[in-house]
Structures are given as structure tokens and as C-alpha cells.
Amino acid sequence: MRLRSNSHGGRHCFALIFLFVCLWCQRSTGQPSENPLPDAPKQATAEKKNFFTRWAEFYRQDWSGTAPSSPAPARRGAPSPLDSPPFPNADWSYGGSPVIGEPDTNSYPLMTAINGATSRTKVYGWIDPSLNFSTSSNRNEPEANDVYSNRFELNQLVLYAERLPDSVQRDHVDWGYHLTALFGTDYRYTTAKGYWNGQWVNDHHQYGFDPTLEYVDVYMPQVAQGMNLRFGRFISVPGIEAQLAPNNYIFSHSLLYAIDPFTDTGLMATVKLNDHWLVQLGITDGHDVAMWTPDAKPSGTACLSYTTISVNDNFYVCANGINDGKYAYNNLQQYDATWYHKFSKTWHMATETWYMYERDVPALGGAIQSEAGANPAYCLPGELRCTAPEYAVVNFLQKELSVHDFLSFRSDYLDDKKGQRTGYATRYTENTITWCHWIGTTIQIRPELRFERAWDMKAYDYGRRQNQLTVASDLIFHF
């Protein structure tokens, strides 16, 4: 259901992007920083060391717990409800914008090696290999991201280049940008029609490249308590999970997430009304398509977020990619609601539910041919087209064990009523438990045990099995 291009071309693009951003950041070396770090003598000493020595020193200090620390810069707004790490985010998340009022405090090994982390433009990323063992012998789908059964694979090699706008200050308009290069097996989930989609839709390559995110942010402090405008290609706004590996509680994804929209291209406005209310309005070209494709059509997105005074609860509702709903590549009409709740300092949960549909979907085996990469539906006998709806709900329950460890338990239900998203018209359930362990702030290990069932027909292992058990783990190495 997702798209792709030539893998050699992807690696060349990855290398060119890496070279460009490194040269750009290197220009900042020795120049005054917009946010200078303390301890200038230590920086001067570090600059005498070569690139690889500085890089290695960052990891040595990080893993031994001897990395220097400084007071956190001021934050504007309500306090963060969570600890990050060990959790992926410190705040109740919303898409389409940086957290307004949150300072950029992140320090990365690669930037420290390039220029002592003295520039606002930051280059960083991760490598994310995984290993899984499954009762299915061919494929684990609709499970994601370990779709290929019983193997070791490289899910993600990701390089980011970004500049975050300063949304703490209220004095002046600021700007930022973000570029992402992703190579690995997970490219199939993010590739959109028009962005080198032939890799997956036409050729079904196991490995491929996707320029997953390319956008510009403009922050305007004069609107309410801050407004961010984002233009470009970005992750689909609603939801607990995200396709980029470090942004998730669990390595594998819920069934709910595996079949919903992944990226949108367009304009998104995020307005912070006050510390409790946030509103978002956007116009995109539809889900998982580029503006220059025949499938693109003007689509609206509207979201509302409310956080309680205690910051223990957040409610986030979205109508996402709304248009006429007529069948096209991933032209899903999505209505999404998320509830985050913090029980105590160490326990919290996140619950999401959605309803999606497409109209006029061609019938499976009928006279109307379906589009490449977009499944037909199990329509009623005699119907050439029909409406294909899906319902889903997922709950994540987290227990923080230490600053380096947490447990997460996920329960997931999906009803793919016409089989248009998974290829099988059945109800699914999935339960997964995982332990996430950090080494310093640069290595994550996430072993998991997962069991799922298709209740109305055999839907796993190419229709051979009704149940599936997987044992898997990934390892995220940040650089």
C-alpha cells in the first residue's frame, strides 16, 4: 500500500544531503553562537581535537554519565508532564508544529564533533537495525515495522538537518526548517505517490530511500500566545505514534497506525491560544501524495487540543485530510481522537481511536481496475464500487522504572470492514509488551513480545494463519 525508487539513487541522495549540511554547519565553527554554551575554555580545548576524537568523546561521556550539564533554559507555558528520556516525548504530543514555548535543549554527538554544537542548525540521526522471530514463515503484515518474518534487517538509517524556530521568545518572527533522508526497509511506510514511488509500488524493493520530511516553519509570536506556520511535507498530524523510530514507545506499530495516513504535503497553522487550548487548521493535497500527482486534491485538516490545569490530561481531536472522499491513492477521510492521562509520576497512558473511509472503491475481482498501491474492497455481490470504512482503537500503558527504563503494554483493535486497508475483511486484535532501556542518551534497546489474531478469516502469512506470535527487538543508535 506504500510507494518507492532506485536504492542506489537513494544512497547517493543521502550522501549528498549529508555533505551539504555538514559543510553548512562547519561555517559556524569559530563564529559566535546565537545560543553560546558555557565553559568557553573547554570548547577551545575541544576544538583542538580532531573530528573523530570529539565524536568518540561525546559517547564516552554519555555512556559513563560524566557528560557536562548546564541549567535548562526557560520554558514558556505549562510544565512538561513526562520525563524524556526514558519516554519519547516530555509533552503530550501534537503534530504539524514544534512544541510552542519549548526551548531547543538537544545536544547531538555529530554536531558536537562538527562544531562543538554551537549553531542552531543541527545535523543528527540514527541507525535502527532489528531482529524478529515469527510463527509466520513469509510476512508478518499487517504488522509493522518488522514486516519481513524471521530475519535481521536495517529498518532505518536516518539523517536529519533542522533549525528549530525560537518559540519561547515573544519579540520577533523566527523561522526554522527540517530535512529528512531515510533509507531502510521502513521506506515503504512513508513513501508517497510522486516522491520516487516506483521503488515500492512498481518494484517492491525490500530496501529503499524516502525524503520523508521537508518543510519550513515560520513562528509568529504576535498571534495569540504564538502561531507556527508549517509548509512542505510533514508527518500526518494526529496520532500517538510516528514513523520515525525514536518517537515511539514500542518498536513495532499498532495495527491502527500501520494502515492510517503517514505524510501530508501542504500548509498547517498551529495557534497556541493559552496554556490549555491549541487549535490547528491546514490545507493539504491529500494523504501520501505529492502536489503534482493526479491524485492530489485540496483537503482540509482541523484539530483542537485541550490540556487540563493539572497537565495530567490532554484531549486531542482531528478531522484529517477531508475532501469528497472519492477513491484515490490513500484518499482516506480520517476522524481521530486521542486522550493522554497521567496517573502518577511513573504511570501514564495514551488512548487513540479513529474512523476512516473512502467512497467508490472498486470491488475485488470486479470489472473496475484498482489503482497500483491502493487495494480494492470486498463489496457486496453485484456492486462495482462501494464505501470502505475502518474503525480502530489502541491503548498504551506505561510504567517508568528509572531514567533509563520503562515498560509499555499496548492493546489494539481494528475492524477493516471491507478489507480495503489490509487486504482481508476481518476484525483484528493485537497485544504487545515491551521494555525500553537506554544506555546514556544515545542507545535504545526495545525487546518486545507480540500476539495478534484475525477473528473472521485467516489473514496472516498470506492467508495461511489466523494467529501470529512475534518476538522482536530493535536497537536505535543515535549520532
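This is a predicted model: local features need pLDDT of at least 70, side-chain atom pairs count only at pLDDT 80 or more; totals for chains, interfaces and linings use all residues.
1. Across the model, the count of aromatic pairs comes to 25. One of them joins Tyr-124 and Tyr-160 edge-to-face, with 5.2 Å from centre to centre and 85° between the planes. Tyr-124 belongs to strand S1 (residues 122-134) and Tyr-160 to strand S2 (residues 151-163), so this pair ties together parts that are 36 residues apart in sequence.

2. Now have a look at Phe-315 and Trp-339, an aromatic pair that is stacked: the centres are 6.1 Å apart and there is 5° between the planes. Phe-315 sits in strand S10 (residues 313-322) and Trp-339 in strand S11 (residues 333-342), so here the pair ties together parts that are 24 residues apart in sequence.

3. How accessible are these two rings' residues? Phe-315 is partly exposed, with a relative accessible area of 37%. Trp-339 is also partly exposed, at 32%.

4. Do take a moment for the cluster too: ring pairs link Phe-58, Tyr-59, Trp-63 and Phe-477.

5. Arg-163 lies over the face of Trp-175, 4.0 Å from the ring centre. Arg-230 has its charged end over the ring of Tyr-215, at 3.8 Å from the centre of that ring.

Key. Residues are numbered from 1 along each chain as its sequence is written. Side-chain values use heavy atoms; hydrogens and water are left out. Rings of Phe, Tyr and Trp (its six-membered ring) pair if their centres lie within 6.5 Å; planes under 30 degrees apart count as stacked, over 60 as edge-to-face and the rest as tilted. Helices (H or I, at least four residues) and strands (E, at least two) are DSSP runs, numbered from the N terminus. Buried means under 20% relative accessible area, exposed over 50%, partly exposed in between (1.4 Å probe, protein chains only). A charge sits over a ring if NZ of Lys or CZ of Arg is within 6 Å of the ring centre and within 35 degrees of the ring normal.
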